[in-house]
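Work through these exercises with the model open beside you. Try each task before you read its solution.

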Amino acid sequence: MDAKDILAALQDEMGQEALFQKADAVRAKHCGNVAQLRGVVHFSNYCCRDDLYCGLRKSNPDITRFRMTGDQIVDTALAIAEAGLGTVVLQSGEDSHYTRQMLCSIIRRIVAQADVAVTLSLGERPIDDLRAFRDAGATRYLMKHETMNPDLYARMRPGLRLADRIRTIETLRELGYQTGVGNVVGLPGQTDADLAADIAFFQDFQPDMVNIGPFIPHADTPLRHEATGDMDRMLRVFALARIVTQNTHLAAANTVATLDPDNGQYRAFVQGGANVIMPNCNPFLKSKTDKIEYEFQITTKKRYVSVDEAREVLRRAGRDAAPGRGDSLKMRGEYHD
Ligand code: SF4
């Protein structure tokens with residue numbers, strides 16, 4: 001699609017049902033009727049960044065911070081594997097407490113003991129760290145680009161530049177990671193043209209994974225009084241992402257369930273072309289030891305979607321949980337032309 005077509009489709013509220021149907025047909029053709037179930041371990045909510053939209057930002061004094069030990073992270077990952085999920089997502093704020101050596105050890109222990117793919121979502125790290133994590137056995141890395149508008153990016157992420165982010169994303173791909181990107185829909189000051197640029201980026205980069213989420217104002221951030229992102233607009237972004245990437249793994253993120261707890265993820269599946277759901281799995285750990293304070297609130301009142309709840313979304317959407325690790329469909333030579 002060219003930029004004009006993307007923008008027109010994004011703004012066509014009356015035509016969104018046809019757009020949703022097209023996205024669902026593309027999803028069915030390229031991803032089938034199965035869905036990928038990925039288990040997320042939120043292992044630290046410390047972060048050195050100060051993103052205006054995020055409750056984990058370093059300037060928020062009202063959050064209870066936690067860090068899991070290496071043993072706790074590995075135990076949780078193994079519990080996810082035992083539950084039959086083929087991917088473990090290790091996610092944290094940007095937290096240098098976890099050194100290259102610590103993280104490599106954690107990754108090695110997980111892949112040595114379980115047949116799971118390890119996805120990292122740790123924010124930006126030095127290239128030598130990224131290479132070492134890859135060598136230790138991590139095969140995927142999720143790094144949302146947040147927005148393709150460089151001015152908006154710089155406003156939302158003080159001290160950071162979009163160009164550096166994109167360079168890091170390209171580096172992840174060069175290192176051999178299955179690479180995921182994603183945006184936030186509804187950021188204060190964001191225009192439809194900005195969203196169209198995000199979709200054009202999905203089209204150009206053809207990411208292995210895409211993670212789209214709504215802006216939801218967090219009460220302890222400078223954006224607390226801003227408006228929440230619009231569900232229908234976000235679903236049009238989902239649908240266009242599916243259409244321009246065809247076979248990317250597109251996640252119905254848990255923030256979508258925060259925006260609409262009853263139907264958000266269901267609509268992402270049946271209307272937005274999603275084929276991935278990523279339940280929060282820290283409760284596995286809680287059942288073993290009740291000592292972890294668990295707060296990973298990028299958005300206010302973020303919903304923690306359990307494995308059972310995720311399976312229920314799939315059941316409603318008529319999808320079976322896919323067996324295996326669910327590697328990139330693009331890595332199997334299914335790039336479209
Ligand atoms: S979005 Fe990520 S990098 Fe930014 S403040 Fe939140 S946890 Fe840190």
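The exercises below concern a predicted model.

**Exercise 1. The ligand shell**

Task: List the residues that surround the ligand, then sort them by type.

Solution. 
- Step 1. The ligand is surrounded by Cys-47, Arg-49, Asp-51, Cys-54, Leu-56, Arg-57, Gly-93 and Arg-157.
- Step 2. Sort them. Three residues of the shell are nonpolar, one is polar and four are charged.
- Step 3. Check the polar one. Gly counts as polar under the sorting rule used here.

**Exercise 2. The nonpolar cores**

Task: How many residues does the largest nonpolar core have, and which of them have the most contacts inside it?

Solution. 
- Step 1. The largest nonpolar core holds 83 residues.
- Step 2. Phe-43, Leu-90, Leu-120, Tyr-177, Ile-212 and Phe-269 have the most contacts inside this core.
- Step 3. Helix H9 (residues 231-245) supplies the largest share of the core, 10 residues.
- Step 4. There is also a second, separate core of 11 residues. Leu-52, Ile-63, Met-156 and Leu-223 are included in it.
- Step 5. In soluble globular proteins, nonpolar side chains tend to be buried together.

**Exercise 3. Phe-43 and its partner ring**

Task: Is Phe-43 buried or exposed, and how do the rings of Phe-43 and Tyr-98 pair?

Solution. 
- Step 1. Phe-43 has a relative accessible area of 1%. Buried means under 20%, so Phe-43 is buried.
- Step 2. Tyr-98 also has a relative accessible area of 1%, and is buried.
- Step 3. Look at the contacts. Leaving out residues up to four places away in sequence, Phe-43 touches several residues, among them Phe-66, Met-68, Leu-90, Tyr-98 and Leu-122.
- Step 4. Count the aromatic pairs. There are three.
- Step 5. In one of them, the ring centres of Phe-43 and Tyr-98 are 4.8 Å apart and the planes lie at 85°. Planes over 60 degrees apart count as edge-to-face, so this pair is edge-to-face.
- Step 6. Phe-43 lies in strand E1 (residues 34-44), while Tyr-98 lies in the loop between strand E2 (87-92) and helix H4 (100-113). The pair therefore ties together parts that are 55 residues apart in sequence.

**Exercise 4. A tyrosine pair**

Task: Describe how the rings of Tyr-141 and Tyr-177 pair.

Solution. 
- Step 1. The centres are 5.5 Å apart and the planes are at 80°, so the pair of Tyr-141 and Tyr-177 is edge-to-face.
- Step 2. Tyr-141 sits in strand E4 (residues 140-142). Tyr-177 sits in the loop between helix H7 (162-174) and strand E5 (178-181).
- Step 3. The pair links distant parts of the chain, 36 residues apart.
- Step 4. Both Tyr-141 and Tyr-177 are buried.

**Exercise 5. Helix H8 and what follows**

Task: Check the span of helix H8, then find the phi of Gln-206.

Solution. 
- Step 1. Helix H8 (residues 192-205) has 14 residues. The expected span is 1.5 Å times one less than the number of residues.
- Step 2. That span should be 20 Å, and the end C-alpha atoms of H8 are 20 Å apart, so the two agree.
- Step 3. Buried residues of H8 include Leu-195, Ile-199, Phe-201, Phe-202 and Phe-205. Asp-192, Asp-194 and Asp-198 are buried too.
- Step 4. Most residues other than glycine have a negative phi.
- Step 5. Gln-206 lies in the loop between H8 and strand E7 (209-214). Gln-206 is buried, with a relative accessible area of 9%.

How values were computed:
Residues numbered from 1 in each chain as written. Predicted model: local features only at pLDDT ≥ 70, side-chain atom pairs only at ≥ 80, totals over all residues. Heavy atoms only, no water. Near = heavy atom within 4 Å. Core = buried A, V, L, I, M, F, W, Y, C linked by side-chain atoms within 4.5 Å. Buried < 20%, exposed > 50% of the residue type's maximum accessible area, 1.4 Å probe, protein only. Helix = DSSP H or I, 4+ residues; strand = E, 2+ residues; numbered from the N terminus. Contact = heavy atoms within 4.5 Å. Phe/Tyr/Trp six-rings, centres within 6.5 Å; stacked < 30°, edge-to-face > 60°.
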